[in-house]
Structures are given as structure tokens and as C-alpha cells.
Amino acid sequence: MLELSWLLIAIPLAGAALLLVWGKGADRFGHLIATAASAAAFVLGLIMFVELIGRGADDRSVTTSLGTWFEAGRFHVEFAFTFDQLSSLFVLLITGVGTLIHVYSIGYMAHDARRRRFFAYLNLFVAAMLTLVLAADYLVLFLGWEGVGLASFLLIGFWQHKETAAAAANKAFIMNRVGDLGMVIALMTMFATFGTTSIAAVNGAIDSASGSTATALGLLLLVGACGKSAQVPLQAWLLDAMEGPTPVSALIHAATMVTAGVYLVVRSAGIYDASEIARTVVVIVGLVTLLVGAWIGCAKDDIKKVLAGSTMSQIGYMMLAAGLGPAGYAFAIFHLLTHGFFKANMFLGAGSVMHAMDDDVDMRHYGALRRAMPITFVTFGLGYLAIIGFPGMSGFFSKDKIIEAALGYNTWIGLAAMIGAGVTAFYMTRLMMMTFFGEKRWRDEVHPHESPSVMTIPLIVLAAASVLGGALYLGGWITDWLEPIAGHAEHPHLPVPVIVVQLGVMAVVALGVAAGVWLYRRDVPDRAAADADVSIVTRAGRHEIYTNEVNGALVVLPVRYLTRLLVWLDARGIDGTVTGTADRIGEASQQLRRTQTGYVRSYALGIFGGALLVVLGLLAVTLA
Amino acid sequence: MTEYITLSFLLFTIGAVGVLVRRNAIVVFMCVELMLNATNLAFVSFARQHGNLDGQTAAFFVMVVAAAEVVIGLAIIVSIYRTRRSTSVDEANLLKA
Amino acid sequence: MMLTVLAVTPIIGALLVACWPGASGNPRLVKVLALAVSLITLVLAIVVAAQFDAAEGGYQFVEQREWIPAIGAHYALGLNGIGLTLVMLTTILSPIVILAAWGDRLPNPARTHTYFAWMLALEGLAIGVFAATDVFLFYLLFEATLVPLYFLIGAHGGVGRSYAAVKFLIYNLVGGLLMLASIVGLYALTTRAGESSFLHSELIGLDISAGTEKLLFLGFFIAFAVKAPMWPLHTWLPDAAASSTPSTAVLMVSIVDKIGTFAMIRWCLEIFPGASQWASPVVMVLAVISILYGALLAIGQDDIRRLIAFTSVSHFGFIVLGIFAFTTLSTSGATLYMFNHGLSTAVLFLVTGMLIARRGSASISEFGGVQKIAPVLAGILLIGGLSSLSLPGLAPFISEFMVLAGTFTVSIPLAVIAAFGIILAAVYILLMYKRTMTGPLRPGLDGIRELDGREFTALAPAVVLIIALGFVPGPLLSVINPSVEPVIAQVGAEDPVPPHPVDAASEGAHE
């Protein structure tokens, strides 16, 4: 069965192709085909996973090749897929959460005229994401990498008639291309250094290459990871990406695609193990993003943007963990999985709320929704408890482990990660208070109601997973499982006993929750205060710490002016030279034309003069 | 021999100067004929000097061409005269660029 | 004889179309006839490809007989893998182009038959150019392709067509003249060496002094750089593309311009290996400039056709870069790039042409929201655009990566700078897509129709090929690679050995 990893990809891909090619005829049942395709991939993945568990610990990586993709000279790329401990977990996450979101979307997109297309794109995404995680070659990984980028582009801009959606889709794609540049250069470096881009070969041979090569590769891959995972400085697209339909935000921009950067770092463990510098940069990027995301999450009123900021921040945790090397790889993946559950849960919950509020996303227009939408409230609440790290919930285990590992690496970084946990608790509490508690601030003619069961069932399943996800760490299972890939994790040497750290984290979280409850205990104004009236910290958070402005000033404007200058230069300078030459020749001809007077006798004079010259010339030559 | 050549040279020069200075088309035309005949004279005398018939042959060709030229040239002059009531070559400068 | 038949079939077809009794009064008959001829040619080309022995790197289907013994010119044809690739491109695109031109509104509808006749003539001449192995014959055909194209632009184009046609002609004639001078130089050299000859096989071994070689090389190279077109000799292309019908633009950019890059491999690299080595740093820098310059100018265009023309300047930069990096990977990639770019540009020009014909304007700012009423058209434009920005999974990605990776092993800075083109490509394509297809529907666009069956049929084969070759480029590469290797050997270059080679196969096995 394990040789069938290509089939995992082929099923949803076939679903997408079928839906797109069939056309309008499939409008009535297209969503069912797509959901079935995703579910089939999940079932297949599950069977394969069970078989993998049944195998011996050193026999759990199966690579199957579909043949050569392309080759020339020394270059050779196999279209090969690896099903191993790491990719199997991702396969389950992608197809599992993916299927739930397919189901949810049946209800969420029920009234959209282009629902079939939406499901086709979702299936395309699942196929591309599976390609990404199953690839045995960096170039095949890149195929999936760009495939998910395409799906993300199509889905962010799904409501194309909205200018903002189309602009957000473009922004996401183009910013990701900056990351892709890093990826492409990394791929070229691999080829130039090792003559191959096979993941196993490159990571296996990295020690034979110089340390600077490893550092260069690590940093270049990180650029790619930053683009895809919305890490500072390439994070600006993620908040805009919330223009897409909410299931898309849940699947692509929370649970799966944006975590691909973390996957890339863990998958390239060999490279990062070989370069201290690259790892340090990963830690710094993760830490900065963690704090920036949390900061933005505190300042936004748009429920999806709060969650998006939170996603950035949580991926920051994962990056941070991944940068810690073998001590953190497994925890990065652990947090990635639990985050996939609870964040998808909360995004879908937010979608359910928006569904009830006529697609209003402003939390200041919510309030007291706990009675109107009990299922959404309870499931969302469980996700909330998971993300803030309430003891026993999945997030408690996964985040705690990262903070411990960070403390073991460096006290200050550990403390900063701890503060991040407190801030997380604060903004999530704020979100809960503004949405589900307090007084009604509903707009007129909005009558919240619970969503249909096709939407609530996925919520319930995901809520259960958010609560129980911590089970992956039972007896240290996930670290053992991933050990062949991530390496052996030493227990971090902490300055204080583990229990103190855990209590400390809990205290910080409790503080954050308390602050959130206290500040938003009373009625929230249904209109946000003007920028001038809020503190500079809030203002910066609202404006996403001005990164859009910075990007605009440093990149967009210069390119725009350069383009205009070049257009002008091309017309005046280059084409001007060409047409100018033509004009000069034309003018010279005008001058020469004057010699044609029309007088026969002047022509005759010319003839005689010419003849005379020829004769004289001949004479000179013969006499000389 | 030199005399023949000198005569030929003089005739040619007279013809050339005539072409350049006279305005009347008919006179210009006659001057052209004069130049042609000057060359004919040169051809014939050189043929005689070298004892070679090539020059004579060339002279015959020139005569034939000259005859043809006279016919066409005069026809043109007559038609120009009919339309413009003038045979001045300076007035027929329609080909000016 | 196969190649002669292949090249002559469309030319006979052209004569038929032009002279068929009553052709001028019956455009429908003309179109059916032209399409039939182009399809027959395609079938012949497929027969040739089927008989082609891919593993053999040399010339096949060789025909050679004396033509003008006085100067040693031969009628010599032959195909290697590179030539076959381009012949296939030509014969695949011709029916597509003819089908797409079905509804073109020409300035003089009574001359429809000449429009299609010139297209067929161009197809035949282009096949001849790709097959010619005698430089004299090559030159003749090379210049002859200007004639149909001149009339296609000048007589059947749109606004500003005569200016564009004259500009196109003069630019290319000047380049051609320089090449003629070099050919005369080659003639003098072969004559001095013993027997005058223009045969490729004879010229390859010719002993030329370094200085002369450089001069002769420049004559050829500039002619091809105009044709390709490379910065700074590109300014004829945007004008010509903006003033011609979409089908003409495809023939021009996808096929005739490829003659430039194709000829760089066959005539510059193989005959002047020393001079090619000498010029390669400069040429590579010019190529990188072309890549970025073309991309930046594409961003700044409002006319869709000019935009696509500038993207082509950028893409031709990649092709030239790959050719002059002298690695098997990059040169094979460049050859594959020619094929892929031909398809991708054809889709872009044709689908935007259909869009422009519906609106009557080529200005991007006149569009908006078309996706809503014509989703299939928008989808095909998106696929064409994504292929132009080299999305993995579509054919051009593979060739672009091959070019970049091959270049990287020779010059890291140039490859890295060139790689910035992939960001700019995303910008120009997606901005164009966003402005034309998304957002609210602009007033005045309500009447825009979805693609009809004929238009869809014309585009579908190219789209299918683009996707298929993105995953399975093997058949093409297996033809190209064996023919590229001798070229690289002839230039005297060797693929750099990676400093820490890994045997990927064994690594994968014991993993």
C-alpha cells in the first residue's frame, strides 16, 4: 500500500480536473465529488499510516518513483514521493482537516453560484499540498509549493468581483514569489554543489560541503519559508488574504499551507543541523513573527484578521522551535498539528459567526452570541482554551514544550516566547469577550442563528481534536515517531525545574486572560476609536506595524518609478536612437535632393566634370 | 595623325561648350551631334593608325545610335515646343526634385 | 526528400490559396483550404518525427545536391533534434493560428485569401530555415521570411501597420546585411582554403584566424540578435506586435523570432566556437539585461499586445542566456524554452486577441471584470499567463529552471540576477490579469461573449500541450539532449562538475 502515495495526490487532482472540465453540468453535484475525493484520500492515507505504524522503526520511509521528470547533462530529477513518518502526519492533517472543511464548505458556499469551481480549487489545493509534503525531491516539492500558491491565489481572489479580493490574491502571489526566488536560488545551489536536488541526497551529503554552503542553503530556504509561512519580513500578505472565503482561510491560511515553511525547515533538518547561523536566523525570524503577530492580533477588530495575526504568531512559535534544531523539530511539528486542529476550528467557527451576521466581520458588531449560536460558541470556546494553553488541552502540551525548549536554548528567547503566550491569551480572550459575551451590538436586520449541521459537525469534530490533540504526546510518542527524521532530542537543560516553567507559563496566560476579561468586561463601543485617539502601540498594530507602508516605499514605489523611467527611456533613448538615425538619413537625403535642379545643362556640367575627373584620375595613375 | 586627333579634340570641346552654354534645345542637340562626330573622327583615325577595323566598326555603331537618337530627340523637342511654345532647355525643368 | 516535401507543401498550399479561382470572393473556401494544408503539413511533420531517431545526435533526413556550383552553394537540408523541435513547433502552431485567424477583421476583406496564403508561405519558409544546412540557402530563406511577414503586418495589420511593417523590415534587413557580409567572408575563406563551400559540415572544421572569426561571428550574431530580439535591438517588436493581427503576432514571435535563437546555436556556436567563447560574457550580460528590462517595460505597458511583446523580450533573454552559458543543461533548456515559449506566447496573443476583438481596444484600462461574463476566456488567459510566469506544472517552468540552473554553474551572479525575472514576471502577468479580468464589470463590456467553439478549439491544443509538457517533458528532451551535447563539445565547453557530487540513485536506494 505504501507505494501508493502518488494515488493520494492523484485522487484530489482528478477531482479538480473533473470539476473544471465537466463544466456547468456538474454544478449540482460537484461539491459531493470533491468532498468524496478528499475523503477517499484521507481513508487511503489512514490505511497507509496504519501500515506504516506496523512496520519496524527503521523501515518507515518508502520512496516510490513515477519515473524521470526531466534530465539534461548532469541534471536528473525523479518524480518521486516519500511516505515516511513526517509526511504521513501531514497527509493525515491535510486530508483530514481538508475533508472536514470540504464538508463545511458545502453549507458555507451553498448559495454561491460558482460553488463547483470553489470545490475544484479546494481539491487542487489538497493535491498540491500533498505533492509538497510527499515530494522526495526539492524540485517536486517546489512543484507542490507553487501549486498551493496557485490554489491560494485562486481562492483568495475567489470573489473576483471585489477589487480588494483580487488585489489581495495578487499580493499573496507576488510576495510568495519573493520567497520563491530564495527557493529557486537554493535549488540551483544544490544542483551546482551536489549535482542533485533530491531531499535525501542533499541532506545526507551536506556535511561534505563547506559550512558556508549549508548556511547559504539554510538562509535561502528560509526566505522561501518566510514567504509561504507569512514570517517577517514577508508576512504582509496573510492579513489581506482574509479576503478569501472563510473555509479557505481555515484550510490554507491557518491549518496547512502557511505551515509549509515549517515543514520545509524540518524536512531540511540536515541542512539546518549543519549551520548554526541559519538556525539562529530561523529562531530570530520565528521570535519576531511570534511577537508581531500577537501584537497585530491585539489591535484588530476584524475577527478574521485577529485570527490571521494569531496564525502568524503561532507559526512563529513553530519556526522558533524548528530553529532550535533536534531539540525543537518534533515540537514544531507537534504544535503545527495541534494548531491545525484548533485554528481550523476557530476559523470555521468565525465563518459560522459571519454566516449568522450577514458576512459582517467587525467584532464590534457582535456581542452576546453565545446564546444565539450555542454549538459554535462551545466549539469555538474549546479551540480558545486550546490555543491559550489551558491545562489538558492540546495547545497546552505543544506550546509548553516549545517554550521549554526555547528556555533551554536561551533564557531571553524563552522569556519572550512566554510573554507571547500571555499576549495570545489576551487577544484571544478579547475576541471571545467581544464576540460571544457582553451586550448585543448587532446591526439592524441581523438575526443570528445557529448554522446548519453540515457546518456544525466539522466544528464538533475539530473541537474534539483540539481538545484531544495533546494525546500525540502521550508517552512522548511524537518525538519518538519523528526521531529518524528530526534526530534525537535531548531534554533541555533548564535553569529551573520544568514544573516551575509550566507554572510560570500558566501564570502569564492567566494574567493575559484576566487582562482581557477585565478590559472588555463592560460594553464595547460599536465603533472603533479613531486612530488619533488610540495609543501609538494600538495604532501601529492596526496598521500591521506599517509593513505595507514600508514595502510600498522601499519596493513598490521604486519599481513603479523605475518602470516609468524605463518606458520613457525606451521610447526616447533606444527607440529614439533608432528612429533618430532614420530621421537623420531622411534629412540628409533632403539636402542631397537639392542637387537635382531639373536643369539639363547643370546635369551636363556634372557629366563633363565627372568625365574629366575620371580622365585626370586615370592619367595620374598611369603617370605616377 | 596628330592633326586628326587635334581636330577631333577641338570639335569635341566646341560641342561640349555648346551643350553647356546654349539654351536653345536645337542648338544643344546639334552640339551633341558635333561631339558624337568628334568621337567618330577619333575612332576612325585611331583605327587607321593601328591598322585595326575595330574603330571603324565602333564609328558605324555610333552613327546608327546617333541617327536613332536624332529621331527621338527631335520628336521630343517638337512636342515640347508644341506644348510650351519654347525650345529653351532651362524652361523644361519639371524634373526638379 | 521528406524535408523538401514538408517545406514545399505549405508553399504549394499558399499558391493554391492565392490563385484558386474565385478565392477572393469566397473567404470561407480559402480558410478551409488553408487549414487543410496546414493540417496536412502537421501530419507530415508527425511522420518525420516518428521516423526520427532520437538517440542519434546528428543530422537526419539529409538531402544534398549541388545548386550553384560556381560559388559552391548547395541545396542541403537536414534535421537534428533542435531543428526537429522547432519544425514541430512551427507545424503545430500553424493550424492553431489559421483557425484563430478565422474571424479576423482585416482592413481589406477582399484580400483575405492573400492573408492566409502569406501565413502558409511563412510556415514553409520557416521549416526551410530550420532544416537548411547550407548557410547560403539558410540566408536566402532567412531573408525570404521577411516578405510574408512584411505583407502580413503591412497589408493585414491594424492601426499604424505601415510604420510597423517598414520598421520591422528595415531592422531585419540591416541585420541580414551584416550577416550577408559575414557569409561573403566565409566564402572568401573557404575559397582560399581550397574549395568554396557553404555547407555546415564544411564550415565547422574551417580554420579561421581569431580576429576574422570574431568579425564574422559579430555579423551573424547581430542579425540573430535583431531577430530574437535582444536588448537594445528590440524596439521593432512591440510596434510590430501591436500593429498586427494576433495570428501574425504569433507567427512572428513564436516562430520567426525563434529563428534568431535557433540560428545562434547552429551558426554562431558551431561555426565560430572561439568567438562564441570570446563573446559569451558580454552576450550573457546583455541577455540578463533583456530579461529584466523586458519585464520592467512589460509592467509599464497599457497596450496588452505591447505587454506580451515585452514579456517576449524578457523570455528571449532567458533563451540567449541559456545558449551562451554553454552547459548541456542550459542549452537544452534554452531549446526547450523556444518550444514552450512558442506555445505560451501563442496562447497569450491569441486569447488576448480574441478579447481585444470583442472590445475593439487593446488598452488594459478599457477592461475590467471580464472574468464574470467570460470565465473560460479568463481561465485560458490565466493559464497562458501562469505559463508565461513559469509556474511549476506548466511547461515553461522546466525550461526556465534548466536555463537558470545551468547558468548558475557557470556564473552565480548572472543566474541570481536573472532569477529576479521570476518576481517581475509575476507582477506583469498578474497585474494585467487583475486589471482586465477581475473587479466590477466595466460599463460597455456587457456585450462581451464567451469563447465560441471555434476559438476554444484553436486554443485547447496549445493549453493541453502546455500542461502536458509541464509534467512530461521527456519526449522533447530526449530529442533535444543528444543534439545539444555535440554543440557544447564543439564550443569546447564542459559541464562543470559539482564539487561534492552525490549519486542520487544510490542515495535514494539505501535511504
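Over residues 58-81 of chain B the chain is 100% helix and 0% strand, with its end C-alpha atoms 33 Å apart, where helices (H or I, at least four residues) and strands (E, at least two) are DSSP runs numbered from the N terminus. This is a predicted model, in which local features need pLDDT of at least 70 and side-chain atom pairs count only at pLDDT 80 or more, while totals for chains, interfaces and linings use all residues. Residues are numbered from 1 along each chain as its sequence is written, and chains are lettered from A and ligands numbered from 1 in the order in which they are written.

An unreviewed UniProt entry lists residues 6-21, 26-46 and 58-81 of chain B as "transmembrane region"; such positions are given in the numbering used here, with feature names shortened, and annotations may be inferred rather than shown by experiment. Residues 6-21 of chain B are likewise 100% helix and 0% strand, and their end C-alpha atoms lie 22 Å apart.

Chain C holds 22 helices and two strands. Its radius of gyration, taken over C-alpha atoms, is 22 Å, close to the 24 Å that the globule rule gives for 511 residues, so chain C is as compact as a globular protein of that length; the rule is 2.2 Å times the number of residues to the power 0.38. Of the 511 residues of chain C, 62% count as buried, meaning that 20 or more other C-beta atoms, placed from the backbone, lie within 10 Å of the residue's own.

The two strands of chain C form a hairpin with four residues between them, where C:Gly72 takes a positive phi near 80°. Strand 1 (residues 60-68) of chain C runs antiparallel to strand 2 of chain C and is joined to it by six bridges, pairing being assigned if DSSP finds at least two bridges. Within this pair, C:Gln60 stands opposite C:Leu79. Five of the seven residues of strand 2 (residues 73-79) of chain C are buried, so this strand is largely enclosed by the rest of the structure.

The contact between chains C and A takes 52 residues from chain C and 53 residues from chain A, two residues being in contact if their C-beta atoms, placed from the backbone, lie within 7 Å. The chain C side divides into 31 nonpolar, 16 polar and five charged residues; Ala, Val, Leu, Ile, Met, Phe, Trp, Tyr, Cys and Pro count as nonpolar, Asp, Glu, Lys and Arg as charged, and the others, Gly among them, as polar.

Note on methods: A residue is buried if 20 or more other C-beta atoms lie within 10 Å of its own, exposed if 12 or fewer, and partly exposed in between; C-beta atoms are placed from the backbone.
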